[in-house]
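Dear colleague,

Please find below the structure that I am handing over to you. My notes on what was found in it follow directly after.

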Amino acid sequence: MMKGYAMMGIGKTQWIEKEKPTCGYRDAIVRPLAVAICISDVHTVWGGAIGDRKNLILGHEAVGEVVEVGSLVRDFKIGDKVLIPSVTPNWSSIEAQMGYPSNSNGMNAGWEFSNIKDGVYADFCHINDADGNLAILPKNMTYAEGGMLSDMIPTAFLGAEIADIQYGDCVVIIGIGCVGLLAIAASKLRGAGRIIVVGCHKKYIDVAKMYGATDFINDIDGDITNEVFDLTNKKCVDKVIICGGKSKIFKDAINIVRAGVIISNVNYIDDGEFIEIPRLAYGVGMGHKAIYGTLMPGGRYKTEKYANLLSFNRIDVNPIFSSIEYGWDNLEKGLLSIKEKPSENIKPVIIL
């Protein structure tokens with residue numbers, strides 16, 4: 001048996017005991033060494049954003065140690081310290097072969113932890129297709145830093161990749177939680193000239209400045225369209241990355257972006273049945289403005305690529321850590337801190 005911190009229903013969590021997961025031929029069992037707490041857990045539990053879940057262990061960001069491998073696993077062995085992507089696709093699926101691994105076997109089904117199967121807030125977690133989904137933790141990387149390669153860095157940097165940021169672009173980043181902050185860093189690395197960010201918490205704004213933000217709109221629920229146009233002399237911007245906000249945020253994104261641009265959405269939308277698209281700003285359906293919403297791809301290849309950004313000092317993730325605590329006893333406190341005081345907590349990390 002093992003213990004795990006689970007969702008018991010919408011708005012309900014508790015520690016439970018479950019059987020330790022079993023290891024398939026191509027799989028691995030990993031003992032978490034550190035876990036990070038994500039606002040997505042709040043959306044899942046208290047927002048009910050993906051529907052009711054019962055007896056499902058939460059968590060999708062972790063670094064761990066391999067304790068068991070299947071007989072067909074080639075590249076990992078017991079004792080290896082590993083990076084664990086939050087999205088762990090079935091790489092033989094049709095969707096993965098088509099280039100959409102996060103949707104392997106169904107919409108967003110590559111996201112298994114705390115969605116389809118038990119997550120990483122447990123004594124042990126199961127990794128499907130270990131050779132395709134794990135990566136070795138670099139020796140010069142701390143456990144806390146490695147945890148940011150589970151979700152935060154891949155999601156933020158994919159947002160910048162999908163937006164196709166070019167040298168000198170004027171970029172608007174809506175929502176500067178943890179992903180939004182790292183999207184600022186990604187945009188700067190890709191050559192953005194001006195980075196306008198939308199967010200209202202001082203602690204986040206201070207980090208945003210460190211990562212390269214040039215302008216600030218401090219109210220995500222305000223009139224973003226007019227405030228952006230005030231900054232740009234009524235000119236539309238080159239790129240938009242949506243990293244936060246409610247479903248109505250797409251209205252502002254469509255309004256402010258010029259024709260021929262992909263609006264990149266990596267935001268977990270937890271409200272409403274529909275998103276709002278303004279008809280005229282959308283060119284009455286023919287305005288050459290596209291919305292591309294995506295989960296981070298997961299998998300070993302991308303994880304190793306993103307790990308190079310940390311290993312070779314292209315980005316420092318330490319400014320986003322709001323706290324680093326030790327032991328499972330601090331997990332629930334960290335999760336509730338994100339839920340109740342988001343303005344004070346960017347990214348809590350628990351070292352085990």
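Glu 332 touches Tyr 5 and Thr 13, leaving aside residues up to four places away in sequence; contact here means heavy atoms within 4.5 Å. Glu 332 belongs to helix α11, and its relative accessible area of 31% makes it partly exposed. On this scale, buried means under 20% relative accessible area, exposed means over 50%, and partly exposed lies in between (1.4 Å probe, protein chains only). From Glu 332 to Phe 274 the separation is 58 residues in sequence and 32 Å in space, C-alpha to C-alpha.

Please note that this is a predicted model, in which local features need pLDDT of at least 70, side-chain atom pairs count only at pLDDT 80 or more, and totals for chains, interfaces and linings use all residues. Residues are numbered from 1 along each chain as its sequence is written, and side-chain values use heavy atoms, with hydrogens and water left out.

As to the fold, the protein chain has eleven helices and 16 strands. These are DSSP runs numbered from the N terminus, with helices (H or I) of at least four residues and strands (E) of at least two. The radius of gyration is 20 Å, close to the 20 Å from the globule rule for 352 residues, so the chain is as compact as a globular protein of that length. That radius is taken over C-alpha atoms, and the rule is 2.2 Å times the number of residues to the power 0.38. Of the 352 residues, 56% count as buried. Among contacts between residues at least 6 apart in sequence, 72% join residues at least 24 apart.

The aromatic rings deserve a separate paragraph. The structure holds four aromatic pairs. Rings of Phe, Tyr and Trp (its six-membered ring) pair if their centres lie within 6.5 Å; planes under 30 degrees apart count as stacked, over 60 as edge-to-face and the rest as tilted. Trp 15 and Trp 328 form an edge-to-face pair, at 5.7 Å centre to centre and with 80° between the planes. Trp 15 lies in strand β2 (residues 12-18) and Trp 328 in the loop between β15 (321-326) and α11 (331-340), so this pair ties together parts that are 313 residues apart in sequence. Trp 15 is partly exposed at 31% relative accessible area, while Trp 328 counts as buried at 13%.

Trp 111 and Tyr 268 are also paired: their ring centres are 6.0 Å apart and their planes stand at 75°, so the pair is edge-to-face. Trp 111 is in the loop between α2 (94-97) and β7 (125-127), and Tyr 268, 157 residues away, is in the loop between β13 (261-265) and β14 (289-293). Relative accessibility is 11% for Trp 111, which counts as buried; Tyr 268 is buried too, at 18%. Ring pairs also link Tyr 5, Trp 15 and Trp 328 into a cluster.

Finally, Asn 330 is placed in the loop between β15 and α11 and counts as buried, at 16% relative accessibility. Its side chain makes a polar contact of 3.3 Å with that of Lys 333. Such a contact is a pair of N or O atoms within 3.5 Å; within protein, one must be able to donate a hydrogen and the other to accept it, and residues adjacent in sequence count only if both atoms are side-chain atoms. Not counting residues up to four places away in sequence, Asn 330 touches Glu 325 and Ile 350.

With kind regards
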